[in-house]
Amino acid sequence: MTLIDVQTIAPQPWRNGGGRTRELLVWPVQGAWQIRISRADIEADGPFSSFAGVTRWFTVLRGNGVELSFRDKNVTLCAGDDALCFDGGDAPGCRLLDGATEDLNLMAMGGQSLMRQAVAGQHWNTPMAMRGLYTTLAGALRAPQGTQKVPAHSLLWDDDAAPGAWTFEPSQPTPGGAWWLGFTP
């Protein structure tokens, strides 16, 4: 498993000036990516970038939330809400509800992908070939291959995931703050 600390990744400013992104994982490393996981800081209203042919998962980690405007609907997302999955080519408009937000993105080109909240102490078992845990809370991941400490604000990723249940146990019993991520090319 690979452990990626968000604080070790330099933020890259967006071209439109509306925020910054920390690219946590890109696979494969060479050539066109099939999966990309990033942590974003949205600092101003504006449209999302268009990623045609990409399945995009998005959730608010911290802040008062956002309203995303699609052609046919508006969706409000706040910290603690389930992740939203949408066509990356749709590029919704984004309005901050009351100040900047910190967000998690998973983008997949083809294949099967997933992002869902990790409930403390609850088993997560998926047949996906690659899987990970993003957490804003320190804790421990229990997996068939052993237990791994996970610091706050980090991504733990296994690109050759062994079968079996994973369980996240945060150091502090705080609801929310951890997300299961999965991908099969």
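1. A pocket here is defined on a 1 Å grid over the protein atoms alone, as an open set of points where a 1.4 Å probe fits, with protein on both sides within 12 Å along at least five of seven lines; its lining residues have an atom within 4 Å of a point. Strands are DSSP runs (E, at least two residues), numbered from the N terminus. With those terms in hand, the second largest pocket takes the largest share of its lining, 3 residues, from β6.

2. A few words on the source. This is a predicted model, in which local features need pLDDT of at least 70 and side-chain atom pairs count only at pLDDT 80 or more, while totals for chains, interfaces and linings use all residues. Residues are numbered from 1 along each chain as its sequence is written, and side-chain values use heavy atoms, with hydrogens and water left out.

3. Staying with the second largest pocket, its volume is about 150 Å³, where a volume is the space filled by probe spheres set on the grid points, which are joined across faces, edges and corners. It is lined by 13 residues, and Leu-61, Arg-62, Ala-79, Thr-136 and Gly-177 are the ones nearest its centre. By class, 5 of the lining residues are nonpolar, 6 polar and 2 charged. For that count, Ala, Val, Leu, Ile, Met, Phe, Trp, Tyr, Cys and Pro are nonpolar, Asp, Glu, Lys and Arg are charged, and the others, Gly among them, are polar.

4. Now for the largest pocket, which holds about 480 Å³ of space. Its lining has 23 residues, with Trp-14, Arg-15, Thr-21, Ser-49 and Phe-51 nearest the centre. Here β4 gives the largest share, 4 residues, and strands including β2 (12–13) and β11 (101–109) each supply at least two. The lining divides into 11 nonpolar, 8 polar and 4 charged residues.

5. Strand β3 (residues 19–27) is joined to β4 by 8 bridges, and Thr-21 has Ala-40 as its bridge partner in β4.

6. Arg-39 deserves a look, as a residue of strand β4. Arg-39 counts as buried because its relative accessible area is 4%, buried meaning under 20%, exposed over 50% and partly exposed in between (1.4 Å probe, protein chains only). Its side chain makes a polar contact of 3.3 Å with that of Asp-41; such a contact is a pair of N or O atoms within 3.5 Å, and within protein one must be able to donate a hydrogen and the other to accept it, with residues adjacent in sequence counting only if both atoms are side-chain atoms. The peptide bond from Trp-27 to Pro-28 is cis, with omega near -10°, and Pro-28 sits in the loop between β3 and β4. Ala-91, in the loop between β9 and β10 (93–96), has a phi near 45°, a positive value in a residue other than glycine.

Note on methods:
Pairing = 2+ DSSP bridges.
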